[in-house]
Each structure stands twice: as structure tokens, then as C-alpha cells.
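Morning, everyone. Please look at the structure on the screen, and I'll walk you through it.

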Amino acid sequence: MKKRPLDWAWFHRLGSPKWFYGFSGRCLPWLCGTTVLLLAIGVVWGLLFAPPDYQQGHSFRIIYIHVPAAMLAQSAYVLMAVAGVVGLVWKMKIADVLLQCAAPVGATMTALALATGAIWGKPTWGSWWVWDARLTSMLILLFLYLGVIALGSAIGNRDSAAKARAVLAIVGVINIPIIKYSVEWWNTLHQGATFTLTEKPAMPAEMWLPLLFTGLGFYAFFGLVLLLRMRLELLKREARSRWVQDEVAALLARGARQ
Amino acid sequence: MMFASWSEFFAMGHHGLYVWSAYGLCALVLGVNVLGPWRARRRYLQAEARRWRQENRP
């Protein structure tokens, strides 16, 4: 049997800014529609139709934004670490664009998870904030995000900034398993995971199904705003190349006509 | 539907302030994440248009 060489063409295409710009442009309307649909279904279902919690009453409805924000905050950081490895090992430029653009989105999601958690904590635990393992490790995640942003903007040279960002993203990823297992390793007020791969959720389906919708909606939203940021960053970084000059000229011509 | 009336819906069983401030904050964060890149792109294209006009001044 003849062995077929692994086809890496897609990987190299993905690394080409021009191809990425065109492809992401075609994805945007689909991502936008998916995001709006998923979030609308999840939020309406979660706020209006999910049954109230037997202990917490209606305050538990905060779960439909708190858990997706927290999940996304952690996933985005893992994505940044992966992009950091790809950027360092294969010197792929687009990996650094992704790392730079994901950081502000991830930071706001971490802040949202912390804020909605505090708001939820007040009626549930009787306190806005406790120095608890889960909460503290999430706060560290916020500082890691801010560190990645600050480090990148403090270094003028683009290659050095990319390297520094990548290293911090990779080192900081150690915090992610700490966040995940914090509720098991330490005594904590925070409840355990809502979704696990091995067990059925402890809540009834009409409670966790809306969460699935808002969760997927947050991921689609992340994809959408990440692409928006990356496309602008690509136009700026590749400003000297022919395709960007053509694209900017086309965009300006379209703007002038309107 | 878990609520008998709109006022009951907004009250959220005495937890209205918590639920609505959390959802309001969420809307704000999502909005900022969309508006930020959108405005940055507009600023960039405006700067490019200015540059283009200066370079091609008759």
C-alpha cells in the first residue's frame, strides 16, 4: 500500500493572511446569525421558561450568563496558549495576531464572570466576595489577561512583543487546571461543575438546556468578535502588501459611495 | 412561562436587582466587545482616507 503524505496544505493556507482575511470575511455573516439566534433562544428560555431553583429562587437565572462567561474566559486563555506554542514553534505570524486579539475579549469575559459571580454571591452566600480558591484563581486569570495585554503594548518591537506575549500565555496556562479543580482541592463555597463529560447534569433538562444555548452562543460570539479584531489587525500589519492596499481602496471606495 | 405577569417577571421574586444588574452588565460587556472593533475599524479607514487624499493632492 502506498503511503500518502500528510496533507498540511490547509495549515499553511490558514497561516496566509490574505487567505485568512477572505475566509473570515465569508464566515462573519454566519457567525453573526448563529450568535444572535443561540443567545436569543438561551436568554428567553432561561429567563422566562426555566423553572426557578428550589433554594435560590429566581436569582439562579444568573447562571445562564455567569457560567458561559467563565467557561469562555478559560477556553480563550487555552486558545491563546496554543497560539503561543504555534507562534513560537512554527513562527506563524497569524498565531500572534490571534493571541493579541483574543486577550482583550478574554479579559472582559473574566471580568464579567467575576462581576456576575459577585452579584449572584450576595443573595446566595450573603457576600459579594470571599477569598475562596475558585474566585481567587479567576482573579489571577484576569491579571494574566491584563499582563498579556500590557506586555504586548509595552514592547515596541513586534517580534519581541509576540515572543513575550506567547511565553506569558504558555506559562499562565498552569492556572487553568487550578481554576478547574479548585472546587475539589480546597474547601469552597463555590459549587462544582455544571457540565461534565462523564455524568449527567444534576439539574433537570429544562434548567440546563438554556445554559447549553447561551454557552454555545458565547462561543459563537467570541469567534465573531475575535475575527473582527483579527481582520483589522491584519490590515494594519500587512499594510504594505498589495492585497491589503487593494482591499483598503475597495473599502474606501465603498464608503465614499455611501 | 414561569411568571403570571410582567411585573412579576421584572421583580424576579425579590431578586430583580441582582438578576437584572447581572444581565445588564452582560449586555454592556457584549456591546463593548462589538462596538470596540467596529469603531477601531472606522477610525482606521478614516485615517487611511485622509492619508490617501493628502498623497494625491493636486
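This is a predicted model: local features need pLDDT of at least 70, side-chain atom pairs count only at pLDDT 80 or more; totals for chains, interfaces and linings use all residues.

Residues are numbered from 1 along each chain as written, and chains are lettered from A, with ligands numbered from 1, in the order written.

Chain A has 9 helices and 0 strands. Both are DSSP runs numbered from the N terminus: helices are H or I, at least four residues, and strands are E, at least two. The C-alpha atoms of chain A fill a box of roughly 60 × 55 × 40 Å along the principal axes. Chain A has 258 residues, and 37% count as buried. Buried means 20 or more other C-beta atoms within 10 Å of the residue's own, with C-beta atoms placed from the backbone.

Now the helix pair. How do we describe two packed helices? We use the angle and the distance between their axes. In chain A, the axes of α5 (residues 133-154) and α7 (residues 175-185) come within 8 Å and cross at roughly 170°. Axes are lines fitted to C-alpha atoms over the stretch in contact, and angles run from 0 to 180 degrees between N-to-C directions. So α5(A) and α7(A) are roughly antiparallel, a label for angles over 145 degrees. Residues making this contact include A:Leu141 and A:Leu144 of α5(A), and A:Ile178 and A:Trp185 of α7(A). Contact means C-beta atoms, placed from the backbone, within 7 Å.

Last, the chains. Their contact takes 30 residues from chain A and 26 residues from chain B.

Definitions and conventions:
A residue is buried if 20 or more other C-beta atoms lie within 10 Å of its own, exposed if 12 or fewer, and partly exposed in between; C-beta atoms are placed from the backbone. Angles under 35 degrees count as roughly parallel, over 145 as roughly antiparallel, 65 to 115 as roughly perpendicular and the rest as oblique. Two residues are in contact if their C-beta atoms, placed from the backbone, lie within 7 Å.
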